[in-house]
Amino acid sequence: MSTQLSAGGAEVTVDQENGCRISSLRIDGTELLRQGPKYGSFPMVPWCGRIEDGRFRDGGTVHQMPVNHPPHALHGFGCDAPWRPAGATATEAAFTFDLAEPWPYPGRVTQVFTLAEDALTLTMGVETYGNSFPAQAGWHPWFRRDLGTGGGAAELSFEPAWQEERGADHLPTGHRIDPKPGPWDDCFGMPHGVDVTLTWPGALELRLTSRAEWVVVYDEESEAICVEPQSGPPNGLNTLPRLVTPVDPLEVSTTWTWRRLR
């Protein structure tokens, strides 16, 4: 089961049964996202990227998450679970997902998709049903490197303040370094908000923005480029925990704005 949104020449398909991911984003009939059940654009919640050895500490308690990308736990549970629809119009749809075992804290995640003729806004909120807990939220879009429009490969442009040094275990070491040339599977800090532009020459420019201050860029595969705005760095449940409390839920959003170049 999927939900369709449309506005002008933009069409979005949300597959709520498969992690509430965007399975398709078409502009004037051209698909922007890599296709396949594990691709598209999926939510990362209640953590983003990797948790070291699948373990995180909350106060004096250590919690073990399933190790789905040995030796680490990767991308949270939201991307693998069915979500429930919570209302839709032609241009907006909302979905919910209840946090449950093996996540040790009860809570709810809400995700809203809002489509305009020239932009798509994604919003995700995490709330607790009881005790406070650390959490993260973000998105993992797989943008096609070549749209097949004859203009060639996408060009990536952004100006991060720093790059998180990556260790041999693919986790940030805790040191901030000057950004290095790609290819990347790396986290970058953008303290004034994420602002990344993908340009497919002669076809389309897509600007991805967010008030979140962290973005992971993964462009080591020939088929796609991933630009992942998120509320904290990889392994952030351990290194930079953000508590979700009864009076302070976590909310993060991102807007993708496009401009036609032909």
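Which residues form one aromatic cluster? They are Trp47, Phe56, Phe77, Trp103, Tyr105 and Phe133. This is a predicted model, where local features need pLDDT of at least 70 and side-chain atom pairs count only at pLDDT 80 or more, while totals for chains, interfaces and linings use all residues. Residues are numbered from 1 along each chain as its sequence is written, and side-chain values use heavy atoms, with hydrogens and water left out.

**Aromatic pairs**
- The structure holds 15 aromatic pairs (rings of Phe, Tyr and Trp, the last by its six-membered ring, with centres within 6.5 Å; planes under 30 degrees apart are stacked, over 60 edge-to-face, the rest tilted).
- Phe158 and Phe188 make an edge-to-face pair, because their ring centres are 5.0 Å apart and their planes stand at 90°.
- This pair links distant parts of the chain, 30 residues apart: Phe158 is in strand β16 (residues 155-158) and Phe188 in strand β19 (residues 185-189). Strands are DSSP runs of E with at least two residues, numbered from the N terminus.
- Phe158 counts as buried at 15% relative accessibility, and Phe188 counts as buried at 0% (buried is under 20% relative accessible area, exposed over 50%, partly exposed in between, with a 1.4 Å probe and protein chains only).

**Charges over rings**
- The charged end of Arg34 sits over the Tyr39 ring, 3.9 Å from its centre (NZ of Lys or CZ of Arg within 6 Å of the ring centre and within 35 degrees of the ring normal).
- Arg176 lies over the face of Trp162, 3.7 Å from the ring centre.

**A loop glycine**
- Gly8 lies in the loop between β1 (3-7) and β2 (10-15), and counts as exposed at 64% relative accessibility.
- Gly8 and Leu115 are 107 residues apart in sequence, yet 9.6 Å apart in space, C-alpha to C-alpha.

Methods:
Helix = DSSP H or I, 4+ residues; strand = E, 2+ residues; numbered from the N terminus.
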